[in-house]
Amino acid sequence: MRIPPKLESKVMDPEDVFKKILKNKKSIAFGGMGGQSVPKIIPLIFKKHPQYFKGIQVYSGGGMTKSFDDAMRNIEISRRFYYLSDKKSRDDVNNGKTMMMDYSVYKYSKLLSLNSMDKIDVAVLEATEVNSKGIILSLSVDATPALCNASKKIIIEINRSKPVLTGLHDITDINSVREHQFKKIISRIGKRELRINQNKIAAIIYSDGSEESAASYGKPPEEINSIAENIWCMLDEKIKFKNTMPVQVGAGSIASSLIDKSPFNDLKIWCEIAPARWTEYIGHKIKYISTSAIYTLQGEEVYTKKLMENYLDYSGNIVLRPNYITNSPDIISGPGVIVLQQAIEIDIFGSANVSHIRENIYNGVGGSIDFCSSGKYVAIVMPSTAMNGKISRIVPMLSCVDIPRMLVDFVVTEIGIADLRWKDPRERAVEIIKNCVHPNFKDSLLRYMNYLNAGHLPYNINEIIKWNKN
């Protein structure tokens with residue numbers, strides 16, 4: 001049954017859940033992150049009865065799945081918190097139909113814990129078991145503990161297609177984050193289950209749904225091998241990297257492929273989210289992974305399946321924590337995490353945009369601010385161009401600055417490495433253009449430098465307008 005006898009009365013049919021709990025509710029939260037452990041049954045209720053959820057506020061633990069976004073497609077959503085995964089939700093925000101609250105991962109969970117808003121009507125989460133002590137989650141902890149705490153009622157989808165994943169989690173309360181000291185990346189200081197007031201459990205639904213690949217992440221860029229080689233070269237030659245230094249490798253296809261090129265063994269990973277593919281490296285290239293979720297990229301489902309089947313073999317090397325622990329600036333700064341941060345684009349001084357394409361939001365800032373503000377070293381890693389080489393990702397000025405230049409130590413593209421330490425803005429610009437810009441755009445950016453006005457952070461708005469038109 002995977003539930004204690006006292007909760008058997010809470011087991012419901014989805015249609016009863018709609019009629020008795022969800023109908024006409026104004027706010028709902030869904031656990032899940034990077035497409036992992038996203039509820040699979042409850043979103044179908046919204047798809048079936050969209051007329052009863054007009055103007056609803058939707059909270060999520062992170063990036064969701066294509067099936068989730070498809071189910072919510074016809075819902076009139078007034079506000080989204082705090083991350084977008086699909087074109088429809090982006091269009092709704094950018095067209096003004098839906099308001100979007102864009103927070104960093106840690107800030108989002110922190111605000112939820114402060115009770116600075118009305119309680120969320122219902123939180124929905126996926127689990128592998130409910131026992132007398134609490135809830136055994138799946139492969140994502142994300143913001144679920146904070147969402148449950150901020151909600152009046154909780155609906156649990158117990159996924160019977162997964163084993164009961166006891167032993168992978170380390171769940172602590174957000175209000176004691178500053179007290180945590182991690183002697184090792186793998187240190188466990190909390191509980192194996194999510195402990196909540198079980199009187200808040202309004203319903204339990206059984207699910208057998210399989211996991212999907214993350215909706216937010218695409219295929220690795222063609223330049224991935226050169227980018228990866230330059231990243232490891234930067235770590236080795238510029239900062240004399242040792243495998244005792246914890247690394248945060250970001251998310252998506254670049255992160256998944258990066259470890260392939262690592263010349264180091266026994267890496268210690270402290271990150272917000274980790275690809276299932278990395279589990280193949282446990283015991284040689286990777287020693288420990290501390291993360292909030294383990295996600296699946298398209299074509300890499302076999303690694304998730306293997307992890308599920310043999311999770312006890314990994315429990316000494318992998319720990320899943322709430323994202324207010326993985327992304328806590330206080331905790332990140334302790335062991336001196338080296339941050340490899342992906343971006344949509346950067347300016348010539350090293351500031352980075354990770355969330356918007358011109359004025360339009362793409363996903364959200366995610367955990368970039370959390371890690372870049374507290375990492376020992378921060379490197380922006382990305383291809384130098386987009387749209388098959390038609391557009392430079394390194395530009396004179398950004399429309400949106402998510403990561404200010406002062407936090408960025410290195411820039412790495414497939415072209416090369418820019419070391420920005422101890423350089424003023426003009427020197428940083430020369431370093432980036434010389435070492436990281438694609439040859440097709442290098443001359444035009446060097447010419448732009450000749451038109452710069454005086455000042456510490458110079459720009460020429462007329463030349464910027466010309467650049468954007470081109």
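A disulfide is a pair of cysteine sulfur atoms within 2.5 Å. The close-ups below all come from a predicted model.

Close-up A. By the 2.5 Å rule, the count comes to 0 disulfides. For Cys 271, the closest cysteine sulfur is that of Cys 372, 14 Å away and too far for a bond. Cys 271 is buried, at 0% relative accessible area. Cys 400 is in no disulfide either; its nearest cysteine sulfur, again in Cys 372, is 13 Å away. Cys 400 counts as buried because its relative accessibility is 14%, under the 20% limit.

**Close-up B. The buried face of helix α4.** Helix α4 spans residues 87-94. Its buried residues are Ser 89, Arg 90, Asp 92 and Val 93. Viewed down the axis of α4, these residues fall within an arc of 160°, so they line one face of the helix. Their cover includes β3, β4 (99-101) and β19 (360-361). Just after α4, Gly 96 has a positive phi of about 85°.

Close-up C. Asp 91 forms a salt bridge with Lys 87; the closest N and O atoms are 2.7 Å apart. The two residues are 4 apart in helix α4, which means a separation of about one helical turn. An α-helix has 3.6 residues a turn, so residues three or four places apart point the same way. Asp 91 is partly exposed, with 30% relative accessible area. Lys 87 is exposed, at 56%.

**Close-up D. Salt bridge between Glu 211 and Lys 162.** The side chains of Glu 211 and Lys 162 meet at 2.2 Å, N to O. This pair links distant parts of the chain, 49 residues apart. Glu 211 sits in the loop between β8 (201-207) and α7 (224-238), while Lys 162 sits in the loop between β7 (151-159) and β8. Glu 211 counts as buried, at 19% relative accessibility. Lys 162 is also buried, at 4%. A network of salt bridges links Lys 40, Glu 126, Lys 162 and Glu 211. The structure holds 21 salt bridges.

**Close-up E. Salt bridge between Asp 260 and Arg 277.** Here the side chains of Asp 260 and Arg 277 meet in a salt bridge of 2.4 Å, N to O. The pair joins distant parts of the chain, 17 residues apart. Asp 260 lies in the loop between α8 (253-258) and β10 (267-270); Arg 277 lies in the loop between β11 (274-275) and β12 (286-291). Asp 260 is partly exposed, at 28% relative accessible area, whereas Arg 277 is buried, at 17%.

**Close-up F. Backbone exceptions in loops.** Most residues other than glycine have a negative phi, and most peptide bonds are trans. Ser 37 has a positive phi, near 60°. Its loop runs between β1 (27-30) and α2 (42-48). Ser 37 is buried, at 3% relative accessible area. Asn 388 also has a positive phi near 60°, in the loop between β21 (385-386) and β22 (391-392). Asn 388 is exposed, at 82%. The peptide bond from Phe 81 to Tyr 82 is cis, with omega near 0°. Tyr 82 belongs to the loop between β3 (77-81) and α4.

**Close-up G. A nonpolar surface patch.** Met 397, Tyr 459, Ile 461 and Ile 465 form this patch. Together they present about 360 Å² of accessible area. Met 397 is in the loop between β23 (394-395) and β24 (410-412). Met 397 is partly exposed, at 36% relative accessibility.

Terms used
Residues are numbered from 1 along each chain as its sequence is written. This is a predicted model: local features need pLDDT of at least 70, side-chain atom pairs count only at pLDDT 80 or more; totals for chains, interfaces and linings use all residues. Side-chain values use heavy atoms; hydrogens and water are left out. Patches are made of residues with over 30% relative accessible area and no salt bridge: like charges are joined within 9 Å, nonpolar side chains (Val, Leu, Ile, Met, Phe, Trp, Tyr) within 5 Å. Accessible areas come from the Shrake-Rupley method with a 1.4 Å probe; for residues, only the protein chains shown count as cover. A salt bridge is a side-chain nitrogen of Lys or Arg within 4 Å of a carboxyl oxygen of Asp or Glu. Buried means under 20% relative accessible area, exposed over 50%, partly exposed in between (1.4 Å probe, protein chains only). The arc is that of the directions from the helix axis to the C-beta atoms. Contact means heavy atoms within 4.5 Å.
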